[in-house]
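Q: Hi! Could you walk me through this model? I'd like to start with one residue and then zoom out.
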Amino acid sequence: MSTERTRSPSTRPIRVGVIGVGSMGENHARVYNELPGVELVGVADHDASVAKQVAAEYGTAALDSETLCRRCDAVTVAVPTQVHYETVSTCLDAGVHVLVEKPIARTVEEGRALAEQARDAGLVLQVGHIERFNPAVQTVMELIEDLDVISLEAERLGPPVDRTTRANVVFDLMVHDVDIVGSILDDRPTSVNAIGTDDGQYATATMAYDDVVASLTASRVTQKKVRKLTVTARECLVEVDYLEQSVLIHRDSYPEYLTDDGPNRYRHESVVENARVDNGEPLRHELESFVNAVRTGVEPAVTAEDGVRALRTVQTIESLVSGETPRREQEVEA
C-alpha cells in the first residue's frame, strides 16, 4: 500500500470512484460530486461509452477499474450481483475501501470471504442497504429501543421503472426489508415460511424470531407503488411510509360510553402522533456515513456481516419461493 494512501485522510479530500455507472451507480457519482471533503476522481463501467457520458456529466474521468483503484481511497461497486465478489475482492486487494450495493454477493460463502478479506486488510466494507439511511427508518430505530415489539409487517410493491426487468424480486426488493427487520430486532430469524407467484414476481415471507413474527411482501406486478413498514408493539402501533418519509404512532385507544338523552353509544378515542422526521435523501446520508467510516476508521453503519445476515435469509426465502426446497417452514442456517 502506498504512503499516500495511508496518510491521514483528514489532511486532504477523500478520493472516491464508482465502478458500474448504471442508474444506481450514476446516482452515487452525482452525490459524491456534491459532498464536501470528497473528490470524485473517476468512474468505470464495462460499457466505455456509458462511463464517458457519466464522467462528462460530473466533470471527472472515465477510467478502467484498475486505474481507478490506484487513484482512489474508496469506491462504490454497483455492478451486477454475479460479479460482486470478483470486483470487490480486486478493490480490497488494491487497498481500497468499498461500498458494495446489496446484496453483498451471490452466495453467503462469497460474502463471508469478502468480510474476512476486508477485516484482514483493515479496510471498510460497507453494504448498500440504503433503507437504513431513510430518515423515517432512523426515527423508528430511535423509538424501538423503548418498545416491546410483537410483530412487523413490510410491503414493497409496485411495477419497476424499467418494466422489462425480470430481476429476482426477493434479492432485489425484499432484501431491503429483510435487512431492516434484522437491524430493528438485532437478530436473525429462527425459521421462515415463503411462497411466490407470477413467475417469482410476487413473493411473501413470514419469519419467526424468538418472540416476534415478521411478514414481508414484495411485488413487481402490483399497480401502485407502496413502501411501508408497520411495527406492532404492546405500547403502540407505528406506521412508516418510506416514500413520504413519515412516521405515525398510534397510541392508547380509550373505550367510552356516551349518553345523550338516548341509547348509550360506544366509541374509541385514540391518540395519533406524527413523529418528527428530519427528511433528506437516503443516498446522501448513506455516502456521508461511508466516507466518515473511511475518514475516521469507525465501523461502517452497515457492516459486511450485516450484509451476510440479510443474504443468508433471502437465500432461504428464495429457495422456498422458487420451489427449490419444499414449501414448509425452514430453519435458517447459522
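A: Happy to! This is a predicted model. Leaving out residues up to four places away in sequence, His176 touches Lys102, Ile130, Glu131 and Arg156.

Q: Okay, and which helix does His176 lie in?
A: His176 is part of helix α8.

Q: Is His176 buried or exposed, and why?
A: His176 counts as buried because its relative accessibility is 11%, and buried means under 20%.

Q: Let's move to the nonpolar cores. Which residues touch the most other members in the largest one?
A: Those are Ile104 and Ile317, in a core of 74 residues. Helix α8, residues 169–185, gives the most to this core, with 10 residues.

Q: What is Ile104 in contact with, leaving aside neighbours within four places in sequence?
A: With those set aside, the contacts of Ile104 are His84, Gly111, Leu114, Leu125, Val127, Ala304, Gly307, Val308 and Leu311.  Another core lies apart from the largest one; it has 25 residues, including Ile14, Val43, Ile130 and Val294.

Q: Nice. Switching to the whole chain, how many helices and strands are there?
A: The protein chain has 10 helices and 14 strands. Of its 334 residues, 50% are buried.

Q: And what share of the contacts is between residues 24 or more positions apart?
A: Such pairs account for 67% of the contacts with a separation of 6 or more.

Conventions: Residues are numbered from 1 along each chain as its sequence is written. This is a predicted model: local features need pLDDT of at least 70, side-chain atom pairs count only at pLDDT 80 or more; totals for chains, interfaces and linings use all residues. Side-chain values use heavy atoms; hydrogens and water are left out. Helices (H or I, at least four residues) and strands (E, at least two) are DSSP runs, numbered from the N terminus. Buried means under 20% relative accessible area, exposed over 50%, partly exposed in between (1.4 Å probe, protein chains only). Contact means heavy atoms within 4.5 Å. A nonpolar core is a set of buried Ala, Val, Leu, Ile, Met, Phe, Trp, Tyr and Cys residues joined through side-chain atoms within 4.5 Å.
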